[in-house]
Amino acid sequence: MNPYQGYAYAYPHKTAYRPLPARPGLRQVWASEDRSSLFLYLHVPFCEMRCGFCNLFTQSGAPEGLTGSYLDALDRQAQAAAEAINPASFASVAFGGGTPTYLTAAELSRLCDVASRFADLTAIPFSAETSPATATADRLAVLKDRGVTRLSIGVQSFLDSEAHAAGRPQKRSEVDAALNAIRSAGFGTLNIDLIYGIPGQTHRTWQQSLSEALTWSPEEIYLYPLYVRPLTGLGRRARADAASAGAARADPADQRLSLYRLGRDHLMASGYEQVSMRMFRRGPAPSAGTTQYCCQADGMLGLGCGARSYTSALHYSPEYAVGISRVRRIIDSYVATPDFTNAAVGFALDDSERRRRHLIQSLLQAEGLDRSYYRERFGADPVTDFGAELAGIEAMSWVEKDADRIRLTPEGLAHSDVIGPALYSPRVRELMGAYEAR
Ligand SMILES: C[S@@+](CC[C@H](N)C(=O)[O-])C[C@H]1O[C@@H](n2cnc3c(N)ncnc32)[C@H](O)[C@@H]1O
Ligand code: SF4
């Protein structure tokens with residue numbers, strides 16, 4: 001069985017969202033929500049390049065003036081959201097993308113001003129993503145000065161040849177310069193993203209990348225299995241290769257599971273704690289402001305053309321796409337939007353979807369599901385609600401239960417990308433299946 005069915009980092013997946021005919025006003029959407037501990041997310045959909053593996057909502061480069069107009073639109077959206085949501089209290093904030101540090105230092109400062117409409121950024125955990133080519137001292141200085149506590153950089157591989165094979169024209173000298181600059185700036189938490197399963201990667205080169213990463217003593221490391229998705233550069237290359245070699249050509253051996261085990265064991269032997277299949281942490285401080293920091297019940301306000309927002313009853317976002325021309329069109333239409341007071345696209349969660357979301361989000365964390373917290377929220381035990389599904393996972397020896405918790409075994413965690421999608425509801429599965437990637 002292929003252990004890589006899908007990355008269930010949020011439930012339901014964005015491809016299950018659909019246009020909301022009633023276009024509910026944000027004031028109504030947030031009116032009866034608990035707004036005492038929200039997560040604020042600002043999305044920047046620009047990068048200096050479009051990596052061959054990446055299907056995130058982003059475009060390579062920005063024509064003259066577009067980043068400024070994007071910030072203007074973000075500010076309009078923030079104002080509309082603030083009018084609908086305040087008074088509200090935010091527990092953490094994150095800038096993601098894309099690559100937020102594609103923006104200049106002055107533009108990053110404006111981005112912080114937008115976020116400051118909602119919270120004192122220096123008083124809460126504050127995370128930002130960066131890339132090797134854009135982590136320059138002037139940008140980092142702004143982020144540090146404005147309160148960023150966690151900086152996350154995508155390195156993918158410390159070997160240039162492997163980064164290139166993943167479709168990322170990266171230079172090791174640039175990676176080292178960026179990491180030096182980040183460490184000199186003094187952020188409390190450094191996270192490094194690495195990818196395994198890159199064409200040509202071996203156990204030896206993977207081990208080499210892991211060891212190089214550890215020389216920077218990152219407080220966090222994310223290990224991502226490579227997914228080759230249809231509308232990406234690698235996806236197009238794979239299709240062309242398959243076509244030229246004939247349909248019967250076998251896939252090259254998939255080593256991701258053995259590379260995962262090697263990576264996990266290497267990090268745990270080096271003092272890291274496993275937080276989830278992808279996330280590893282050194283030291284005691286809980287990581288906040290990351291995409292995985294979502295207490296199952298907390299709401300999220302997302303701003304920007306690729307950002308979702310979560311309330312207990314509705315998840316909503318602007319339109320979603322992967323293909324380059326559609327991404328550009330959506331960014332252009334976002335920038336031209338005068339009025340952000342309504343939710344346009346989304347998914348309404350009923351009580352059963354809320355329970356399911358809680359189950360999936362908790363089970364895919366190493367610490368597992370706290371049964372009494374679930375009972376407190378929903379008035380029933382998770383085994384009563386999801387007995388049949390859990391029995392299927394138990395039959396594979398992927399989950400263990402005691403009176404307090406339900407948690408994945410080490411092999412269960414290794415198979416998170418099977419377990420997550422297997423727990424999706426029939427309705428979400430149907431919507432995702434009917435979604436046409438564009
Ligand atoms: C927003 S990016 C990180 C910041 C920055 N844009 C960069 O690339 O340096 C998020 C991370 O997701 C991971 N990622 C994205 N697409 C992936 C894919 N198809 N397979 C595996 N990992 C992927 C990469 O490790 C990447 O660093
Ligand atoms: S991996 Fe990062 S830099 Fe590359 S396209 Fe995706 S978001 Fe942009």
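Me: Where in the chain of this predicted model is Ala123 found?

Reply: In this model, which is predicted, Ala123 is found in the loop that runs between helix 3, residues 105-115, and strand 6, residues 126-130.

Me: Why is Ala123 called exposed?

Reply: The word exposed is kept for a relative accessible area over 50%, and Ala123 has a relative accessibility of 57%, so Ala123 counts as exposed.

Me: What makes Ala78 count as buried?

Reply: A residue is buried when its relative accessible area is under 20%, and because Ala78 has 0% relative accessibility, Ala78 falls under that limit and counts as buried.

Me: Which residues does Ala78 touch, if those up to four places away in sequence are not counted?

Reply: Ala78, whose place is in helix 2, touches Val114, Arg117, Phe118 and Leu303 when residues up to four places away in sequence are not counted.

Me: Why is Thr67 called buried?

Reply: Thr67 has a relative accessible area of 11%, and the word buried applies under 20%, therefore Thr67 is buried. Thr67 is found in helix 2, which covers residues 66-85, and, leaving out residues up to four places away in sequence, Thr67 touches Phe46, Ala62, Tyr102, Leu103 and Glu107.

Me: How do you know whether Ser152 is buried or exposed?

Reply: One sets the relative accessible area of Ser152, which is 6%, against the limit for buried residues, which is under 20%, and therefore concludes that Ser152 is buried. Ser152 lies in strand 7, residues 150-156, and its contacts beyond four places in sequence are with Ala128, Glu129, Thr130, Asn191 and Asp193. Pro63, by contrast, is 26 Å from Ser152, C-alpha to C-alpha, and 89 residues from it in sequence.

Me: Why is Ser217 called partly exposed?

Reply: Partly exposed is the word for values between the buried range, under 20%, and the exposed range, over 50%, and Ser217 has a relative accessible area of 35%, so Ser217 is partly exposed. The place of Ser217 is in the loop between helix 7, residues 203-214, and strand 9, residues 220-225.

Me: What is noted about phi of Ser217?

Reply: Phi of Ser217 is near 45°, which is a positive value in a residue other than glycine. Ser397 also has a positive phi, of about 60°, although Ser397 is not a glycine, and Ser397 is found in the loop between helix 13, residues 382-395, and strand 17, residues 399-401.

Me: What kind of peptide bond joins Tyr11 and Pro12?

Reply: Tyr11 and Pro12 are joined by a cis peptide bond, with omega about -5°, and the place of Pro12 is in the segment before strand 1, residues 18-19. A cis peptide bond also joins Gly97 and Gly98, where omega is about 15°, and Gly98 is found in the loop between strand 5, residues 90-97, and helix 3.

Me: How many disulfides does the structure hold?

Reply: A disulfide needs a pair of cysteine sulfur atoms within 2.5 Å, and the structure holds zero disulfides. Turning to two individual cysteines, Cys51 counts as buried because its relative accessibility of 8% is under 20%, and Cys54 counts as buried because its relative accessibility of 13% is under 20%.

Me: How do you know whether the radius of gyration of the protein agrees with that of a compact globule?

Reply: A compact globule with 438 residues would have a radius of gyration near 22 Å, and the protein has 21 Å, so the two values agree. Along its principal axes the C-alpha trace spans about 55 × 55 × 50 Å, and the protein has 16 helices and 18 strands. Buried residues make up 56% of the 438 residues, and, among contacts with a separation of 6 or more, 78% are accounted for by residues 24 or more positions apart.

Technical notes:
Residues are numbered from 1 along each chain as its sequence is written. Chains are lettered from A and ligands numbered from 1 in the order in which they are written. This is a predicted model: local features need pLDDT of at least 70, side-chain atom pairs count only at pLDDT 80 or more; totals for chains, interfaces and linings use all residues. Side-chain values use heavy atoms; hydrogens and water are left out. Buried means under 20% relative accessible area, exposed over 50%, partly exposed in between (1.4 Å probe, protein chains only). Helices (H or I, at least four residues) and strands (E, at least two) are DSSP runs, numbered from the N terminus. The radius of gyration is taken over C-alpha atoms; the globule rule is 2.2 Å times the number of residues to the power 0.38. Contact means heavy atoms within 4.5 Å.
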